[in-house]
Amino acid sequence: MSRPLIGITAYFEAARWGDWVREAVLSPPSYAKAVERAGGAPVVLPPLNLHAIDDYVRGLRGVVLAGGVEVGGSAYGEEQDERVPEAQGHRDRFELALARAAVQADVPILAIDRGMHVLNVAQGGTLIPWLPEVLDSERHAEPGTPHVIQVSVSSKLGKAVGDKVEVVAPHTQSVRRLGNGLLAVAWAEDQIVEGIELQGHRFGVGVQWHPERAEDGRIFDALVEAAR
């Protein structure tokens with residue numbers, strides 16, 4: 001059986017090789033390895049040319065909207081919070097366009113961490129730009145602290161991972177208003193949304209945590225199965 005091509009979004013920024021510093025397309029290998037283990041053929045997508053979006057969508061069988069720097073406030077009608085790292089406008093524009101095109105073409109999507117926020121904003125949703133202020137707590141921002149996520153068993157995500165999953169997922173942004181066609185399907189104990197899903201789509205799943213870093217590859221298995 002042929003491996004479906006799965007596109008993975010990436011950074012475009014300076015990197016060093018020995019004494020050389022050059023612009024580079026960067027993607028943590030954990031994404032490509034997770035796609036490969038699940039039976040897909042990973043392809044890294046540089047956030048360069050919006051004119052290539054339709055070609056990507058026609059050629060790919062699935063898309064991973066990967067993690068990274070927080071989505072800029074201007075993408076969802078907010079001023080940039082000074083506590084949030086500087087936005088990467090070129091990446092926001094590319095990934096929002098890619099997400100919209102993939103939704104329209106019914107191409108399977110797995111949106112991870114930042115990618116979940118991209119998917120939500122692409123569908124007209126908004127974000128909480130600085131979650132610790134809203135909660136008056138740093139509990140979601142603390143690195144290395146595991147917490148249990150409750151998952152809707154009737155969702156595609158729930159069918160892949162079950163009704164509960166323990167994750168380590170530090171984040172300072174979160175979903176505020178859900179975008180068009182999106183449902184919340186996973187929540188932390190304080191009801192912060194940790195998973196979303198597109199209604200009526202072949203496979204449109206967003207998660208706040210990083211399944212590519214875990215040994216459990218069931219979410220990627222589900223993505224590749226939908227891509228086939």
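Biologist: Which side chain does the side chain of S152 make a polar contact with?
Modeller: With the side chain of S154, at 3.1 Å. Bear in mind that this is a predicted model.

Biologist: OK, and where is S152 found?
Modeller: In the loop between β8 (146-151) and α6 (156-161).

Biologist: What else does S152 touch, leaving out residues up to four places away in sequence?
Modeller: G158, V185 and W187.

Biologist: Switching to the sheet: how many strands, and in what order?
Modeller: Nine strands, in an open sheet with mixed pairing. Reading across, you get β4-β1-β5-β6-β13-β12-β11-β8-β9.

Biologist: Which strands stand at the edges?
Modeller: β4 (41-45) and β9 (164-168). Each has a single partner strand, so one side of each is left without a neighbour in the sheet.

Biologist: How much twist is there from one strand to the next?
Modeller: The average is 25°.

Biologist: Back to β4. Is its pairing with β1 parallel or antiparallel?
Modeller: Parallel, and the pairing runs over five bridges, with β1 covering residues 5-9. As an example, L5 has A41 in β4 as its bridge partner.

Biologist: What about α3, which strands does that helix touch?
Modeller: Helix α3 (residues 89-104) packs on the sheet and touches β1, β4, β5 (62-65), β6 (109-112) and β12 (193-198). The direction of α3 makes about 145° with that of β5.

Biologist: And α7, what does that one pack on?
Modeller: Also on the sheet: α7 (residues 218-227) touches β1, β5, β6 and β13 (204-207). Its direction makes about 150° with that of β6.

Biologist: Now the helix pair α3 and α4. At what angle do their axes cross?
Modeller: Roughly 65°, and the axes come within 9 Å, with α4 covering residues 114-122. That angle makes α3 roughly perpendicular to α4. The crossing is right-handed.

Biologist: Which residues make the contact?
Modeller: From α3 you have R91, D92, E95, L96, A99, R100 and V103. From α4 come R114, V118, L119, V121 and A122.

Notes. Residues numbered from 1 in each chain as written. Predicted model: local features only at pLDDT ≥ 70, side-chain atom pairs only at ≥ 80, totals over all residues. Heavy atoms only, no water. Pairing = 2+ DSSP bridges. Helix = DSSP H or I, 4+ residues; strand = E, 2+ residues; numbered from the N terminus. Axes fitted to C-alpha atoms, helices over the stretch in contact; angles between N-to-C directions. Contact = heavy atoms within 4.5 Å. Parallel < 35°, antiparallel > 145°, perpendicular 65-115°, else oblique. Left-handed = near helix turned anticlockwise from the far one by under 90°. Polar contact = N/O pair within 3.5 Å; in protein donor to acceptor, adjacent residues only side chain to side chain.
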